[in-house]
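Please keep the sequence and the model open beside you while you work through the steps.

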Amino acid sequence: MAGVVIAVLLCLVGSFASHDFESNFQQRYRNPDLVSAQFTRFAAALSSIPEGAGIGYITDAPQVGATDSAMFLSAQYVLAPRLLKRGVSEALVIGNFTRPADFASIGRTHGLRLQQDFGEGVVLFQKEP
């Protein structure tokens with residue numbers, strides 16, 4: 001019986017220590033890539049794209065750098081189980097932009113038609129037949 005009590009006490013101490021460590025870590029290292037904000041940005045788009053669908057991906061972020069990688073990987077994470085592929089080879093293409101622009105014009109340059117602008121730089125294109 002004493003062993004069970006000791007085990008429970010050690011679990012409680014470990015839980016509090018883990019909570020304190022994680023709280024301190026989160027305070028010092030805020031989410032610099034705003035991955036958690038991507039769930040809000042892409043929320044409306046999720047209902048417009050079937051689960052398991054392959055979707056293309058375009059962005060205005062320079063493709064050489066941490067910003068592009070962070071944007072792509074966080075979009076890929078949020079849109080799962082949809083398969084995100086760079087480029088415009090798929091029937092549906094998600095646009096993930098860093099600033100406002102003429103998204104319809106951008107789509108036309110890639111042979112895409114603007115299907116829906118969800119705001120905050122997230123747009124859905126459909127490949128022109």
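Two strands pair if DSSP finds at least two bridges between them; helices (H or I, at least four residues) and strands (E, at least two) are DSSP runs, numbered from the N terminus. This is a predicted model, in which local features need pLDDT of at least 70 and side-chain atom pairs count only at pLDDT 80 or more, while totals for chains, interfaces and linings use all residues. Residues are numbered from 1 along each chain as its sequence is written, and side-chain values use heavy atoms, with hydrogens and water left out.

**Exercise 1. Find in which sense β1 and β2 pair, and follow the chain between them.**

Step 1: Four bridges link β1 and β2, and the pairing is parallel.
Step 2: Look at G56, whose bridge partner in β2 is K85.
Step 3: From β1 the chain passes through α3 to reach β2, a β-α-β crossover that is right-handed. That term means that, with the strands pointing away from the viewer, the path from the first strand over the helix to the second runs clockwise.

**Exercise 2. Work out the strand order of the sheet and its edges.**

Step 1: The open sheet has five strands, ordered β2-β1-β3-β5-β4, with mixed pairing.
Step 2: β2 (83-86) and β4 (112-119) are the edge strands; each has a single partner strand, so one side of each lacks a neighbour in the sheet.
Step 3: Now take β4 and β5, which are antiparallel and joined by six bridges. Here R113 stands opposite Q126 in β5.

**Exercise 3. Describe the largest nonpolar core.**

Step 1: Start with the term: such a core is a set of buried Ala, Val, Leu, Ile, Met, Phe, Trp, Tyr and Cys residues joined through side-chain atoms within 4.5 Å. Buried means under 20% relative accessible area, exposed over 50%, partly exposed in between (1.4 Å probe, protein chains only).
Step 2: The largest core has 18 residues, and F42, I55, Y57, L84 and I94 have the most contacts inside it.
Step 3: Among the elements that each supply at least two residues are α2 (35-46) and β3 (92-96), while α3 gives the most, with five.

**Exercise 4. Is D68 buried or exposed?**

Step 1: Locate D68 in helix α3.
Step 2: Its relative accessibility is 2%, so D68 counts as buried.
Step 3: Leaving out residues up to four places away in sequence, D68 touches T59, A61, P62, Q63 and R86.

Notes. Contact means heavy atoms within 4.5 Å.
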